[in-house]
Amino acid sequence: MLRRLAVAALTWLCLAGPSQAQGFGFGRGGGGPAGNFDFYVLALSWSPGFCELDGDRSRNREQCAGGSRLGFVVHGLWPQYERGYPSDCSSANRSPSRLAMAEAAGVYPSEGLARYEWRKHGTCTGSSPADYFRDVRRARDRVAIPPALAGTEGDRSWTVLDLERAFVAANPGLRTDMMSVSCRRGMLQEVRICFGKDLRGFRSCPEVDRSGCRARSLTVLAPR
């Protein structure tokens, strides 16, 4: 009986389409046909939290350099399925040209991160490297950072709901079911906001919303 169930499950996975076989949870992915996705997630990393948790292991030294005082920066613009996401989709244009990289300047905290994000996520969009980086900039520019988080002078404690409400108040059309807050060890790491595929507006994203931080409160470290 167990053998028959295992064979059936394997057969189903082999026949499943990309949105099924590539992964069921937010944060799991696999290759897929470029341009075949449902929506975007713009991930904005909170630099103080990222640097506290991962800065020593990160290749993005510029982001965590002493005195940089960075707050929210672009982590990435990720194509998503309704469940799961594609990644590393194409072997073509794996290394963006210098001209394309010029479009990423000032968007990411480091060139290394921009190149990595193109390989892992940008190749799944169906866009050229230059167009992808322009789309990342366009998505970033559509999100207003709440004033209370734009110039934090000291470490503060926030509830996840209050953080989401602050973003909702600063961004007309955004709702709490269109975003999530990511945390680790009680610290704010990231805010993830969902966009339609054309990047013209926000959209609901139940799986992303459910993946958010479940802590009652979290520490928002001040920029260093």
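Trainee: Where is the place of Asp88?

Mentor: This is a predicted model, in which local features need pLDDT of at least 70, side-chain atom pairs count only at pLDDT 80 or more, and totals for chains, interfaces and linings use all residues. Residues are numbered from 1 along each chain as its sequence is written, and side-chain values use heavy atoms, with hydrogens and water left out. Helices (H or I, at least four residues) and strands (E, at least two) are DSSP runs, numbered from the N terminus. Asp88 sits in the loop between strand S4 (85–86) and helix H4 (98–104).

Trainee: What is the phi of Asp88?

Mentor: Most residues other than glycine have a negative phi. Asp88 is not a glycine, yet its phi is positive, at about 50°.

Trainee: Is Asp88 buried, exposed or partly exposed?

Mentor: Buried means under 20% relative accessible area, exposed over 50%, and partly exposed in between (1.4 Å probe, protein chains only). The relative accessible area of Asp88 is 40%, so Asp88 is partly exposed.

Trainee: Leu199 also has a positive phi. Is Leu199 buried or exposed?

Mentor: Leu199 has a phi near 60° and is a residue other than glycine. It is found in the loop between S7 and H9. Its relative accessibility is 0%, so Leu199 counts as buried.

Trainee: How many disulfides does the structure hold?

Mentor: A disulfide is a covalent bond between the sulfur atoms of two cysteines. Here the criterion is a pair of cysteine sulfur atoms within 2.5 Å. Counting bonded cysteines along the chain, the pattern is 1-2, 3-4, 5-8, 6-7. The structure holds four disulfides.

Trainee: Is the disulfide of Cys51 and Cys64 left-handed or right-handed?

Mentor: The sulfur atoms of Cys51 and Cys64 are 2.1 Å apart. The torsion about their S-S bond is about -90°, so the disulfide is left-handed.

Trainee: Which parts of the chain does that pair link?

Mentor: The parts are distant, with the two cysteines 13 residues apart. Cys51 is in helix H3 (residues 47–54), and Cys64 is in the loop between H3 and strand S3 (72–80).

Trainee: Is the disulfide of Cys183 and Cys213 left-handed or right-handed?

Mentor: The S to S distance from Cys183 to Cys213 is 1.9 Å. The torsion about the S-S bond is about 75°, so this disulfide is right-handed.

Trainee: How many residues apart are Cys183 and Cys213?

Mentor: Cys183 is in strand S6 (residues 179–184). Cys213 is in the loop between helix H9 (206–210) and strand S8 (218–220). The pair links distant parts of the chain, 30 residues apart.

Trainee: Which parts does the pair Cys194 and Cys205 tie together?

Mentor: A disulfide joins Cys194 to Cys205, with S to S at 2.0 Å. The torsion about the S-S bond is about 90°, so the disulfide is right-handed. The tied parts are 11 residues apart in sequence: Cys194 in strand S7 (residues 187–196) and Cys205 in the loop between S7 and H9.

Trainee: What is the relative accessible area of Cys205?

Mentor: Cys194 is buried, with a relative accessible area of 0%. Cys205 is buried, and its relative accessible area is 0%.

Trainee: Which backbone atoms lie by the side chain of Thr125?

Mentor: Thr125 lies in the loop between helix H5 (111–120) and helix H6 (129–142). At a relative accessible area of 8%, Thr125 is buried. A polar atom of its side chain lies 2.7 Å from the backbone oxygen of Gly122. A polar atom of its side chain also lies 3.1 Å from the backbone nitrogen of Ser127.

Trainee: With which residues is Thr125 in contact, leaving aside its neighbours within four places in sequence?

Mentor: Contact means heavy atoms within 4.5 Å. With those neighbours left out, the partners of Thr125 are Ala34, Gly35, Phe37, Tyr40, Pro79 and Tyr132.

Trainee: How many of the 224 residues, as a percentage, count as buried?

Mentor: The protein has nine helices and eight strands. Of its contacts with a separation of 6 or more, 75% are between residues 24 or more positions apart. Of the 224 residues, the buried share is 47%.

Definitions and conventions:
Polar contact = N/O pair within 3.5 Å; in protein donor to acceptor, adjacent residues only side chain to side chain.
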